[in-house]
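Here are my notes for you, written as numbered points. Keep the model open and click along as you read.

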Amino acid sequence: MSIAERIKVLIVDDQVTSRLLLGDALQQLGFKQITVAGDGEQALKIMVQQPHHLVISDFNMPKMDGLGLLQGVRSNPATKKAAFIMLTAQGDRALVTKAAALGANNVLAKPFTIEKMKAAIEAVFGALK
Amino acid sequence: MMNSAGLRRVHVIQGEFKVVSDPNVVLSTILGSCVAACLRDPVTGIGGMNHFLLPGSADASMNSGDATRYGVHLMELLINGLLKQGARRDRLEAKLFGGAKTIARFSNVGEQNTLFAKRFLLDEGITLLGESTGGEHGRKVEYWPATGKARQQALTGVETQKTVALEQRPVPVVKPPETTIEFF
């Protein structure tokens, strides 16, 4: 089993289309265990019930945004060790700094290519294959 | 620009989006094979317009997945902009314009752009109230976000050719986000 196949990923984005594209990109990279959530609140519930190794979350979402989710994940002993990659559609340096301070492992700008997504994940987990 | 009726005109160029909450603003754009999505929240009157051309066969460095992600990105920027001003996602309604069939091209880029936009709206559950897409002529479009009214004027053959030629120039992708902080 490859590394990608062993990693449980949780995709969090309020846009259906973005979730589909992200899921598709991850499948192309060899990921098999993928769960999706539509906002931070839902994602946090899923994480508490069934911790995932990697959270890839959009920043701009209703109810609870990406930073709120990141804080929630980091403050719960059951989920705090999960890797967290934040996606952002806006080129906002303050957000990148904030995400880094709150413990994000990486930040990736949208629109991303599959190669960039791969590099962002490999920076956290090492080579996927 | 302000005219006698106190109406302010805001022009939207390719690769750009504008969101307004001022009822005295009319958004305008000129489209060849590009598509403009006009979105608004009818309750708050907050609305906006984007203007895009997906990189298709003309740009070999991008595969279709990358092109779709680029398009989704431009739609997302517009929607995020609307939500930021106070629009509600579940109330958003849309009108689509553009996607004219261009001459001397193997693939119908305009149609691909229109299909992408319609698919996106369908997947996101955003109601498409009306559209004027396809055809052989470009369009000059005006959109009043406060009322949702739109008006279009067909370009002449020469104007269409000029517009399409301008659209084919490489445009810088929406400003590169700064993600230069070293994490490791």
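1. Ground rules. This is a predicted model, where local features need pLDDT of at least 70, side-chain atom pairs count only at pLDDT 80 or more, and totals for chains, interfaces and linings use all residues. Residues are numbered from 1 along each chain as its sequence is written, while chains are lettered from A and ligands numbered from 1 in the order in which they are written.

2. Confidence. pLDDT is the predictor's confidence in each residue, from 0 to 100. For chain B the mean pLDDT is 86, with 82% of residues at 70 or more. The complex gets an ipTM of 0.79 and a pTM of 0.84 from the predictor.

3. In chain B, pLDDT stays under 50 over residues 57-61, a stretch with 3 contacts beyond four places in sequence. It also stays under 50 over residues 175-180 of chain B, and there the model has 12 such contacts. Two residues are in contact if their C-beta atoms, placed from the backbone, lie within 7 Å. Where pLDDT is low, the predicted coordinates should not be read in detail.

4. The layout of chain B. Chain B has 3 helices and 9 strands; helices (H or I, at least four residues) and strands (E, at least two) are DSSP runs, numbered from the N terminus. Reading from the N terminus, the order is β-β-β-β-β-α-β-α-β-β-β-α. Of the contacts in chain B with a separation of 6 or more, 65% are between residues 24 or more positions apart.

5. A hairpin to look at. Strands E8 (residues 139-144) and E9 (residues 149-154) of chain B run antiparallel and are joined by 6 bridges; two strands pair if DSSP finds at least two bridges between them. B:Tyr143 sits opposite B:Ala150 in E9(B). There are 4 residues between the strands, and B:Gly148 in this hairpin has a positive phi near 85 degrees.

6. Is B:Asp41 buried or exposed? It counts as buried because it has 23 C-beta neighbours inside 10 Å; the cut-offs are 20 or more other C-beta atoms within 10 Å for buried, 12 or fewer for exposed, and partly exposed in between, with C-beta atoms placed from the backbone. B:Asp41 belongs to strand E4 (residues 35-41) of chain B. Leaving out residues up to four places away in sequence, B:Asp41 touches B:Ile46, B:Leu82, B:Ala87, B:Arg88, B:Arg91 and B:Leu92.

7. Where the chains meet. Chain A puts 25 residues into the contact and chain B puts in 22 residues. On chain A's side, helix H2 (16-28), helix H5 (93-101), strand E5 (106-109) and helix H6 (114-125) each supply at least two residues. That side has 12 nonpolar, 11 polar and 2 charged residues. Here Ala, Val, Leu, Ile, Met, Phe, Trp, Tyr, Cys and Pro count as nonpolar, Asp, Glu, Lys and Arg as charged, and the others, Gly among them, as polar.

8. Most residues other than glycine have a negative phi, and most peptide bonds are trans. A:Lys63 has a positive phi, near 65 degrees, and lies in the loop between strand E3 (54-58) and helix H4 (66-75) of chain A. A:Lys63 is exposed, with 12 other C-beta atoms within 10 Å. The peptide bond from A:Lys110 to A:Pro111 is cis, with omega near 0 degrees, and A:Pro111 is in the loop between E5 and H6 of chain A.
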